[in-house]
Amino acid sequence: MKKYNLIYLLTTLVVLGCSPDADYESLNKDPNNPADVSAESLFTSSLKNLMDEVNDIDYRDAPFMLLAQYAQQTTYTDESQYDIVNRGISKAIFSTIYMNVLYDLADAKSKVTADPFKAAQAEVLSIYAWQYLVDNFGDIPYSEALNIVGENQSIAPKYDDAATIYDDLVKRAVAASAVLAGSDGFGFIGADLIGNGNRASWSKFANSLIVKLGVRVPGDKYKSEVEAAFSKSLSSGADNITMVYQASKPNTHPSWPELVESGRNDYVVGKTIVDLLTSTDHEDPRQDVFFDPKSKMENKYVGGVIGQKSGWSTHSKLGTIYFDPTYRGVLIDYTEICFYLADAAARGWTVGGTASTHYSNGIKASFEDLGLTATQANTYIAKPKVAYASAIGSDDEKIGKQLWISMFNRGFEGWTAFRRYGGAPLVQSKLGEGDFKDVPRRLTYPVEEATQNSKNYDAASSAIGGDLQKTKVFWDK
């Protein structure tokens, strides 16, 4: 449920104990008695809310497939034209992550101080959620954000510098990985929907976050941390951090209600991704998974023009896997890690291989994850415009382009690949129509922050160069 602003946390403590739309494990707790909610329920609820948030496709809550230009809208074109402010999207993300993820995880950690493994599991999810907020907004409430009770209570928290938050998140991830490499504690098991309490899986998750955080920032700031973590991060598709959804409500994949249950036809595939994957230079086999082959027009895929209303009957559709209520959710996967290691290697870091090797491994992992063959992947990689040695562009552009393609089912990471790498060179940076012509570089803060936390909002807005969609997050090149 996405209906609260961060500033409302103090007055809504009675509902913080559990997610109102999840029934995994023992989540059906009395919301009027939050003190009775177990750490297990809090952990499961937080995990599911986080997974739902980063895998959703609903343009009213998570319009990232539109920002990445993977899809276009058929009826309502606000988000396709980058009018994000008037939809309340920022408020939805703020409230979901702060209230239904971070606060509940902090509450869970406070209940498991005798079990370091459980605390480290909650810490890893918290780090992931904090990075997601920074990568969306830039500077955010961090050091005071969860202080809503006690002597240090702050219901109007200051905003912390985004780069400084990254410094702390890297330190926290390194500390969590050290705990997970040990043997203390028993950990969340039944409440753990992604690893069933598997210590090795959580250790790889923590180290993968170090790689993700460290490589996101240009330069060599986190070189030593990434070099120490890469060999302990995800090493194959079998390590992917995923969650299996269920066939019935309320635990279906978060996109199923939008794509199927609603009976609406709001999305078609975008021209940007269609034109690239079907070009003679690429002829990418992933097109027949990303798109529905039955929706070809005169034997060709037709993508919706970016920023324009794109009729359902005259454009191609998303692949059928995205309409499956049990389609798995992903927090981080081996494909993603391979491209980060390619980036690290291109900078001269020692990460177990060359940029070309990691780049090729990322493409192969993407193909494997989609059920395509190694032969198909190798044939594709051998194409002159795909092979690392001969592909056009800088190291960043080559890596960013293939990362962008591979993240098709994860719109937020696709949008981030565009922002971070200047990759996906075919992505239109401007539209020919609409009031918000530039592809957003960040989301603006919730409007409630400007009115209810005005002093700190004003300071943050000034610090980042203006609370605008075109203002860049500190790592954005």
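Analyst: The axes used here are lines fitted to C-alpha atoms over the stretch in contact, and angles run from 0 to 180 degrees between N-to-C directions. The model is predicted. In it, helix H1 (residues 39-55) and helix H3 (residues 89-110) have axes that come within 8 Å and cross at roughly 150°. Angles over 145 degrees count as roughly antiparallel, and H1 and H3 are therefore roughly antiparallel to each other. The crossing of H1 past H3 is left-handed. On the H1 side, the contact is made by Ala39, Leu42, Phe43, Ser45, Ser46, Asn49, Leu50 and Glu53. H3 contributes Ile93, Thr96, Ile97, Asn100, Val101, Asp104, Leu105, Asp107 and Ala108. By class, this contact of H1 with H3 holds nine nonpolar, five polar and three charged residues.

A second pair can be set beside this one. Helix H4 (residues 116-137) packs on helix H5 (residues 162-180) at an angle of about 155°, with the axes 9 Å apart. That makes H4 roughly antiparallel to H5, and H4 passes H5 in a left-handed crossing. Among the residues that meet are Phe117, Ile127 and Trp130 in H4 and Ile165, Tyr166 and Leu169 in H5. The contact of H4 with H5 has 15 nonpolar, two polar and three charged residues.

As for the setting, the protein has 17 helices and six strands. Of its 477 residues, 60% are buried. Among contacts with a separation of 6 or more, 73% are between residues 24 or more positions apart.

Definitions and conventions
Residues numbered from 1 in each chain as written. Predicted model: local features only at pLDDT ≥ 70, side-chain atom pairs only at ≥ 80, totals over all residues. Heavy atoms only, no water. Helix = DSSP H or I, 4+ residues; strand = E, 2+ residues; numbered from the N terminus. Buried < 20%, exposed > 50% of the residue type's maximum accessible area, 1.4 Å probe, protein only. Contact = heavy atoms within 4.5 Å. Parallel < 35°, antiparallel > 145°, perpendicular 65-115°, else oblique. Left-handed = near helix turned anticlockwise from the far one by under 90°. Nonpolar A, V, L, I, M, F, W, Y, C, P; charged D, E, K, R; others polar.
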